Amino acid sequence: MKISTKGRYALEAVVDLSYHAKDELESLKSIAKRLNKSKNYLEQLFVLLRQNNIVVSIRGSQGGYKLAKEASKITAGDVVRAVEGSLAPVACLDFSNKEQCCGDYEKCVTRVVWKKMMDEISNVLDDVTIQDLKDCYEKMNKENIIEYYI
Amino acid sequence: MKLSTKGRYGLRALVDLAVHSYKGHQPLAQIAERQNISEIYLEQVFSTLRKNGVVKSIKGAQGGYLLNEEPKNITIGKILRILEGDLSIVDEKVRSDSEEKSVAYCVYENVWRKIDENINELVDSITLEELVEDYKKNHGLLPNMYHI
C-alpha cells in the first residue's frame, strides 16, 4: 500500500514553490532542478494542480507558477488528492464505485477496516498545511545559516 | 495507493473461517464459495498464513483449516503485515533518501511518517474477534454461536 510518486513529488514541489515564489513567479525548471526531479513529470502534475486551483501560472518568458492562495489555506490533502485522485485503499470506498464491491456492501465487515484506514490517511493530510511544511523547511535552513556564521 | 487482493481477500476469508470454525475444520472450497473468491487464489493466501502461524491445516477428506490462535489474540495488523508486507505508505528508500534540511525531509517527517504511525496503531488495535462479532451482528447470527 504505497502512495505514488505523483503525490510525493507534487507535495514537495508545492512546498518548494511556496518557499521560493515570494513576490515573483517561479519556473518549473528551477523547482525541478532544486528537487532533482524531471521537469516533464512535474509539468504533468502542475496541470492537475492548476486545474484544482492550487497553483496559477502565467505564460511567457517572465512566466512561471505561484500558489493560487495563501500557503496556510492549502492542505497536504488538497495537493495529494489533486494528483492522486481518491485516497481509498480499496475501490469500494469510492461511492461512485459501489457496484465494484466484492460482496454485500452493507454487511461487509472488512470494508469498515479499510474505511478507518482511509480516515487515518485523510486526517493527517488534512491537518498539515503547506505553510506548516514551509515553516519546517525555513526553520531548518535558518538554523543552518546561523550555525554556519557563528 | 491500494491494498492488494491478497490483503483484502485474505482478511475476508479469515473472518469467514473464524465465524464458521465452530463446526470444525473448514475446507477452503467452502470458504471460497461463501466469500465468492477463487479457491486456487485462496490456496496461495492460506499457504502464506499457515507458514506464518495464523492458521493450521489438516489434510484429507475431513480436512481443512482452523485458526491457530483465538481470534481475540490475532490483530488485523498482524494479518495485513503478513499478506501485504510492511504497511508503510512510502518505501524505506524514501526515508533514507530524504536528506536532512531538504523539503523531502519536512514532508516525510510531518506527513508520511505520521500516516504510517497512525495506520499501524489503528490496525494493531483491531482484533479478528471484533470483526467476527460485527459479522455475526450484521448477519443476524447469535453472538455465542462461536463458542458452542
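1. On helix H2 of chain A, A:Lys29 and A:Lys33 are exposed. They sit on the other side of H2(A) from the buried set, which consists of A:Leu28, A:Ile31, A:Ala32 and A:Leu35. The helix covers residues 28-35. The model is predicted, and the remarks below should be read with that in mind.

2. Why do the buried residues of H2(A) line one face of the helix? Viewed down the axis of H2(A), they fall within an arc of 95°, so they share one face. In general, an α-helix has 3.6 residues a turn, so residues three or four places apart point the same way.

3. The buried residues of H2(A) pack against parts of both chains. From chain A the partners are helix H1 (5-20), helix H3 (39-51) and strand E2 (64-67); from chain B the partner is helix H6 (103-125). After H2(A) comes A:Asn36, with a positive phi near 60°.

4. Chain A as a whole contains 6 helices and 2 strands, in the order α-α-α-β-β-α-α-α from the N terminus. Of its 150 residues, 47% are buried. Among contacts in chain A with a separation of 6 or more, 63% involve residues 24 or more positions apart. The accessible surface of chain A is about 8,100 Å², and carbon and sulfur atoms hold 46% of that surface.

5. Chain B has 7 helices and 2 strands, running α-α-α-β-β-α-α-α-α from the N terminus. Its C-alpha atoms fill a box of roughly 60 × 30 × 25 Å along the principal axes. Buried residues amount to 45% of the 148 in chain B. For the accessible surface of chain B the figure is about 7,300 Å², with 46% on carbon and sulfur atoms.

6. Within chain B, helix H1 (residues 5-20) packs on helix H7 (residues 128-138) at an angle of about 70°, the axes being 9 Å apart. That angle makes H1(B) roughly perpendicular to H7(B). From H1(B), the residues involved are B:Leu11, B:Leu14, B:Val15, B:Ala18, B:Val19 and B:His20; they meet B:Leu128, B:Leu131, B:Val132 and B:Tyr135 in H7(B). By class, the residues of this contact comprise 9 nonpolar, 1 polar and no charged.

7. Helix H4 of chain B (residues 76-84) is mostly covered, with 7 of its 9 residues buried. Which residues of H4(B) are buried? They are B:Ile76, B:Gly77, B:Ile79, B:Leu80, B:Ile82, B:Leu83 and B:Glu84. Their cover includes helix H5 (110-127) of chain A as well as H1, helix H3 (39-51), H6 and H7 of chain B. Just after H4(B), B:Gly85 adopts a positive phi of about 85°.

8. B:Val111 belongs to helix H6 of chain B. Is B:Val111 buried or exposed? Its relative accessible area is 0%, so B:Val111 is buried, the cut-off for that class being under 20%. Leaving aside residues up to four places away in sequence, B:Val111 touches A:Leu11, A:Ala76, A:Val124, A:Leu125, A:Val128 and A:Leu133. The C-alpha atoms of B:Val111 and B:Val123 are separated by 19 Å, the two residues lying 12 apart along the chain.

Terms used. Residues numbered from 1 in each chain as written. Chains lettered and ligands numbered in written order. Predicted model: local features only at pLDDT ≥ 70, side-chain atom pairs only at ≥ 80, totals over all residues. Heavy atoms only, no water. Axes fitted to C-alpha atoms, helices over the stretch in contact; angles between N-to-C directions. Helix = DSSP H or I, 4+ residues; strand = E, 2+ residues; numbered from the N terminus. Parallel < 35°, antiparallel > 145°, perpendicular 65-115°, else oblique. Contact = heavy atoms within 4.5 Å. Nonpolar A, V, L, I, M, F, W, Y, C, P; charged D, E, K, R; others polar. Buried < 20%, exposed > 50% of the residue type's maximum accessible area, 1.4 Å probe, protein only. Arc of directions from axis to C-beta. Areas by Shrake-Rupley, 256 points an atom, 1.4 Å probe, with all protein chains shown as cover.
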